[in-house]
Amino acid sequence: MFKTIDDIALSGRTALVRADLNVPLREGKVTDRTRITRLKPTVDDLIAKGAKVVLLSHFARPKGERVPEMSLKPLVEDLADEFGRPVRFAEDCIGGPAERAIRAAGPDEIVLLENLRFHPGEEANDPDFARALAALGGVYVNDAFSAAHRAHASTERIAHLMPAIAGRNMQAELEALTAALEDPKRPVAAIVGGAKVSTKLDVLENLIEKTDLLIIGGGMANTFLHAEGVAIGKSLCEPDLAVTARRILTKARERGCEIALPHDAEVAIEFAANVPHHTVAIDAVDTDMMILDIGPATTDALAAKLADCRTLIWNGPMGAFEVPPFDRGTVQLARKAAELTDSGALISVAGGGDTVAALAVAGVTDHFTYVSTAGGAFLEWMEGRTLPGVAALERG
Ligand code: AMP
C-alpha cells in the first residue's frame, strides 16, 4: 500500500511534487494542456493542507546537459493560468537557484524547478543528485505515473530519502489499475490490438494468466491467424512469430483464458484513404488483399461478449483506425464498452498512446472508468512488471 495526501500532516511543509510536465510545445507555446490540467487536484489539495508546492519534472531528452530549447520556463504562464496562482521559476533544479526560489515563494505561490534531466544524475538514479533534490523540501509527492517505469533520481531514489506519498493522479491511476488486474470483478476481458505482436508479447503472456477473455485484434491478430493456418493475403504479419503465437494460444487454453480472434474482416488492396474496401469471411481473404479492420460480424460478437464481462482492460486499436472506415471496429467496440460502463455494468480501463487517440476518435474518453495517458508505464504494468517508482512509494 502507499500513502496519499490524506495520510500525512502537510501544514508548513515544502512538498516536492514529481509531475510529468513533458507537454507538447511548439515555438515556445504549450499546444496541449492535458498534463497540466490533470495536475491541478494535487496542487490544490496540497496548498489547501498548508504545504508549499515545488514542481519537479523532466522535459524531452537533453541527456544530462543544459539545452536551452528544453527548458521548462515556457510553461510558467500556462501553469499560473491553469492553477490561478503565481508561479516562480528556478533556473536550476538543485542548489542555490532552487533554494532561493523556494525560500522567496509566498504560501500561495508555486515554484517550478528547471528540467531535471539537465543533470546526468537524474537518469543515472544518482544518490548525490537525489540527496540534493531531497534537501529542498520536507515531503515527496509522486504524481507522475507515466515516469514510474523508470528508476530515476526523482522517481525512485528520492522516495527512500524522505516521507513519500502519491499525488492524486498517481493515486487514481494505481486505484484504477489495481481494480482492473490485481483484484478485479470477474469475468475480466482484455482487448489487445495494434500493429505488432512483437511489441506486446509480454503483455499477452501476462494477460492470459490473469484474464478470462483475451480479444486480439488489429495487425497483431494477423500473426495469430497465420499461425493457425489462415491465408491472410498481403496483411501485416510477423511470420517469424508463428511458433510463439501457437504457444500463447495453447497456454491460454490450458489456463482457461478464451482467446477471441476475428472471424471476418474489412479488406482493401492497400492501406490508404478512400480505397475500395469490402467485408470478407476470415478464410476468404484474397492473396492481393490486406486486412485493415475487424469485420461487422466480429464486432457484433465481441460486443455481445463484452456485455457478459465485469472488467475490461484495453490497449491497442482493432484496425488501422487513423484511416476511415477502418476505424469502425475500434469505434463500435469502444462505444459498447462506454455504454456498459455508463450503465454501471463494466469497469473499463484503457491506456497507451494509440489507444487514447482511438478512444478520442470514438468520443468515449470520458465514458471509460479510467483512461491512462501513460504509454510505457501502462504497458509495463500490463506486462505485470513492478514499476520502480511505484515500488519505492509502496515501501514507505
Ligand atoms: P500499436 O502502436 O502497436 O498500438 O499499433 C497501432 C497501430 O497499428 C496504428 O497505427 C494502426 O494503424 C495499426 N494497425 C492496426 N491494425 C492494423 C492492420 N490490420 N493493418 C495495419 N496496421 C494496423
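Predicted model: local features only at pLDDT ≥ 70, side-chain atom pairs only at ≥ 80, totals over all residues.
Let me begin with the annotation. In the unreviewed UniProt entry, the feature "binding site" covers Arg35, Arg117 and Arg150, and of these residues, Arg35 is included in the lining of the largest cavity.

Arginine 35 sits in helix H1, which spans residues 34–48, and at 27% relative accessibility it counts as partly exposed. If we leave aside its neighbours within four places in sequence, the residues in contact with arginine 35 are Asp20, Asn22, Val23, Ser146 and Thr373. With one of these, aspartate 20, there is also a polar contact between the two side chains, at 3.4 Å.

Arginine 150, by contrast in setting, is found in the loop between strand E7 (139–142) and strand E8 (164–166). Its relative accessible area is 36%, so it is partly exposed, and, not counting residues up to four places away in sequence, arginine 150 touches Thr155 and Pro388.

Now to the salt bridges, of which the model has 24. One of them joins glutamate 91 and lysine 73, with the closest N and O atoms 3.3 Å apart. This pair links distant parts of the chain, 18 residues apart, since glutamate 91 belongs to the loop between strand E5 (87–90) and helix H3 (95–104), while lysine 73 belongs to the loop between strand E4 (52–56) and helix H2 (76–83). Glutamate 91 is partly exposed at 41% relative accessibility, and lysine 73 is partly exposed at 44%.

Another salt bridge is formed by glutamate 109 and arginine 88, whose closest N and O atoms are 3.0 Å apart. Because glutamate 109 lies in the loop between H3 and strand E6 (110–113), and arginine 88 in strand E5, this pair ties together parts that are 21 residues apart in sequence.

A local example is the salt bridge between arginine 131 and aspartate 128, with the closest N and O atoms 2.7 Å apart. Both residues lie in helix H5 (residues 127–134), three residues apart, or about one turn of the helix, and arginine 131 is partly exposed at 47% relative accessibility.

Finally, there is a network of salt bridges, which links Glu205, Glu209, Arg247, Lys251 and Arg255.

Notes. Residues numbered from 1 in each chain as written. Heavy atoms only, no water. UniProt positions renumbered as here; feature names shortened; annotations may be inferred. 1 Å grid on protein atoms, 1.4 Å probe; cavity = no way out; pocket = protein on both sides within 12 Å on 5 of 7 lines; lining within 4 Å. Helix = DSSP H or I, 4+ residues; strand = E, 2+ residues; numbered from the N terminus. Buried < 20%, exposed > 50% of the residue type's maximum accessible area, 1.4 Å probe, protein only. Contact = heavy atoms within 4.5 Å. Polar contact = N/O pair within 3.5 Å; in protein donor to acceptor, adjacent residues only side chain to side chain. Salt bridge = Lys/Arg side-chain N within 4 Å of Asp/Glu carboxyl O.
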